[in-house]
Amino acid sequence: MHNTKIIENYLTELLNIPSPTGYTKDIINYIKKELDNMNVEYKIGNKGMLVAIIEGIDKENEITFSAHIDTLGAMVQEIKANGRLAVSQIGGYMMNTIEGENCLIHTRDNKKYEGTLQTIKPSIHIHASEAKELPRDCKNYEIIIDEEVFSKDETKNLGIDIGDIVSFDTRTKITNSGYIKSRYLDDKASVAAILYVIKYMNINNIKPRNTINFLFSNYEEVGHGCATFIPKNTTEFIAVDMGCPGEGQNSTEYDVCICTKDSSGPYDYDFISEIVNICKENNVNYKLDIYPNYSSDATAALKAGLNAKFALIGPGIFASHGYER
Ligand SMILES: [Zn+2]
């Protein structure tokens, strides 16, 4: 039997490490430490991504799985005259999903300040209908820093500057009924699953038929992925990323989601058939689905010239890029 507590622990720890795209050093260090503890070989790319290598019997036809460690977030765009911060979004999401959320501002000299993302008209007692009707555009939001700062200079004196990273509270909660609710389950749920697989193989001394690479990519949310770092003997590439349950979709939170087509077109037909058969033979629940507003590390790799069979599988994540379940 599988020990789901281990996956749960991995997931909670991963969700606890802020990692908006461009700010993934801390989470890579966490993964490095885990791999070191298990004596698993790995390489780190110039762009900061990491690939763990589990040698197989066949070293000519390697299988590479990827999961992305980067998440949505924001960057300080302007220090306003009132000492508050305007932000620029990292990744694609609706601003209202983080309205009123606690955040951390990470300065270049490793200081962290707490704050809250609010609209510029946050109080119903002051702004009444204007507060309700304010368009939820990024420009109508600001960070109120939890420090006594009332001017641009005072905020600058804290050491905050343009380009500082802003991470949002994940509000991670595992309910008594077993649901996991959190921001950034995309794609940390997959990262946790992969770390567990590595641990499982390690504890049970499993040598795979083919060499398997687990690639932790760090620029997925902005689309340029990890192509040149995919080990060159890779003949099969599987992006492990979220499936999208919801209106009109076949995906669920209770099955492995297998994507047959996304905004970049169809995934490898025969390879998907193979994966479906593996699910059938091993009694793994699965659902095939099409994601019209989606692209993955697989599609990014293909656009950069990857010559391998490619697929996308993953856990079903409800309300993706919002408060996910
Ligand atoms: Zn994702």
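1. Let's start with D187, which sits in helix α6. The bond between D186 and D187 is a cis peptide, with omega about 10 degrees. Please keep in mind that this is a predicted model, in which local features need pLDDT of at least 70 and side-chain atom pairs count only at pLDDT 80 or more, while totals for chains, interfaces and linings use all residues. Residues are numbered from 1 along each chain as its sequence is written, and side-chain values use heavy atoms, with hydrogens and water left out. Helices (H or I, at least four residues) and strands (E, at least two) are DSSP runs, numbered from the N terminus.

2. Next, helix α1, which covers residues 4–15. Its twelve residues reach 16 Å from first C-alpha to last, close to the 16 Å expected; the expected span is 1.5 Å times one less than the number of residues. At the N-terminal end, N3 caps α1 through a side-chain oxygen 3.1 Å from the backbone nitrogen of K5. For such a polar contact, the pair of N or O atoms must lie within 3.5 Å; within protein, one must be able to donate a hydrogen and the other to accept it, and residues adjacent in sequence count only if both atoms are side-chain atoms.

3. Which residues of α1 are buried? They are Y10, L11, L14 and L15, where buried means under 20% relative accessible area, exposed over 50%, and partly exposed in between (1.4 Å probe, protein chains only). Looking down the axis, these buried residues fall within an arc of 125 degrees, so they line one face of α1; the arc is that of the directions from the helix axis to the C-beta atoms. A handy reminder: an α-helix has 3.6 residues a turn, so residues three or four places apart point the same way. The buried residues of α1 pack against α2 (25–37), β11 (180–181) and α6 (185–203).

4. I27, I28, Y30, I31, E34 and L35 are its buried residues. They cover an arc of only 155 degrees around the axis, which puts them on the same side of α2. The face turned away from that buried side carries the exposed residues K25, K33 and N37. Packing partners for the buried residues of α2 are α1, β1 (41–44), β2 (50–54), α6 and β12.

5. S19 lies in the loop between α1 and α2. Is S19 buried or exposed? It counts as buried, at 2% relative accessibility. Setting aside neighbours within four places in sequence, S19 is in contact (heavy atoms within 4.5 Å) with T24, I27, I69, D70, T71 and K188.

6. Some backbone angles deserve a look. R171 has a positive phi of about 50 degrees although it is not a glycine; R171 belongs to the loop between β9 (165–168) and β10 (173–174) and is partly exposed, with a relative accessible area of 41%. Y184 is not a glycine either, yet has a positive phi of about 70 degrees. Y184 is in the loop between β11 and α6 and counts as buried at 9% relative accessibility.

7. Y184 is one of its lining residues, along with L72, Y93, T97, I98, R183, H321 and G322.

8. The largest pocket has a volume of about 2200 Å³. Of its 50 lining residues, A193, V197, V256, V284 and I313 are the closest to its centre. Helix α6 gives the most to the lining, with ten residues. Elements that each supply at least two residues include α1, β3 (58–68), β12 (210–217) and α7 (269–281).

9. Finally, K199 is also in helix α6 and is partly exposed, with a relative accessible area of 25%. Leaving aside neighbours within four places in sequence, K199 touches I6, Y10, E34 and M38.

How values were computed
1 Å grid on protein atoms, 1.4 Å probe; cavity = no way out; pocket = protein on both sides within 12 Å on 5 of 7 lines; lining within 4 Å. Points joined across faces, edges and corners; volume = space filled by probe spheres on them.
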